[in-house]
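I opened my notebook for a quick look through this one. Here is what I looked up, entry by entry.

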Amino acid sequence: MNECIFCKIINGEIPAEVVYNGANVTAFRDINPVAPVHVLIVPNRHVNDIRDERAFEGDLLKEMFQVANEVAEMEGIAESGYRLLINYGRDANLVVPHLHLHLIGGRPLGPMVARR
Ligand code: AMP
Ligand code: ZN
């Protein structure tokens, strides 16, 4: 049984605000957004994270970034700018173990990472 929360969203078992639904990639709004636009771009097939070799099969990563650019256009932030990021591991606070690309924008985002 697949208990992965993002697989459940892709399969329609858990509700989400889907903004893009393709053959290989799905994009939906983050449930706890950090900015006016916060969308997660995920592979439809389960991939654990960016260190999972399945991430590098075919054109998956390329397609995820292309979808991110498309969603940025749809959301009206292509001109103002946005941040694309992938977390991995403890220091980056990776929480959900299904590969996801964050698309964040709609306000000035400040420095890439807080200095402390
Ligand atoms: P990360 O720290 O990179 O693993 O980010 C996981 C992201 O998934 C967080 O920004 C969460 O707010 C988001 N998230 C967790 N559960 C859901 C959900 N059911 N629907 C949408 N976003 C979610
Ligand atoms: Zn999954």
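I began with a charge and a ring: the charged end of Arg51 sits over the ring of Tyr88, 5.8 Å from its centre. The rule I used asks for NZ of Lys or CZ of Arg within 6 Å of the ring centre and within 35 degrees of the ring normal.

A note on the source: this is a predicted model, where local features need pLDDT of at least 70 and side-chain atom pairs count only at pLDDT 80 or more. Residues are numbered from 1 along each chain as its sequence is written, and side-chain values use heavy atoms, with hydrogens and water left out.

Next I looked up the metal. Which residues coordinate the zinc ion (ligand 2)? I found Cys4 (SG), Cys7 (SG), His46 (ND1) and His98 (ND1), at 2.1 to 2.3 Å; donors here are N, O and S atoms within 2.8 Å of the metal (3.2 Å for Na, K and Ca). The four donor atoms subtend angles of 103 to 117°, so the arrangement is tetrahedral (all angles between 85 and 135 degrees). I wrote down the spacing along the chain as C-x2-C-x38-H-x51-H.

I then checked burial (under 20% relative accessible area, 1.4 Å probe, protein chains only). Cys4 is buried at 11%, and His98 is buried at 0%.

Last came the aromatic rings, which pair if their centres lie within 6.5 Å, with planes over 60 degrees apart counting as edge-to-face. I got one aromatic pair. The rings of Phe6 and Phe28 have centres 5.2 Å apart and planes at 75°, so the pair is edge-to-face. Both Phe6 and Phe28 are buried.

How values were computed. Chains are lettered from A and ligands numbered from 1 in the order in which they are written. Four donors count as tetrahedral if all angles lie between 85 and 135 degrees; four count as square planar and six as octahedral if opposite donors are over 155 degrees apart and all others between 65 and 115; anything else is irregular. Buried means under 20% relative accessible area, exposed over 50%, partly exposed in between (1.4 Å probe, protein chains only). Rings of Phe, Tyr and Trp (its six-membered ring) pair if their centres lie within 6.5 Å; planes under 30 degrees apart count as stacked, over 60 as edge-to-face and the rest as tilted.
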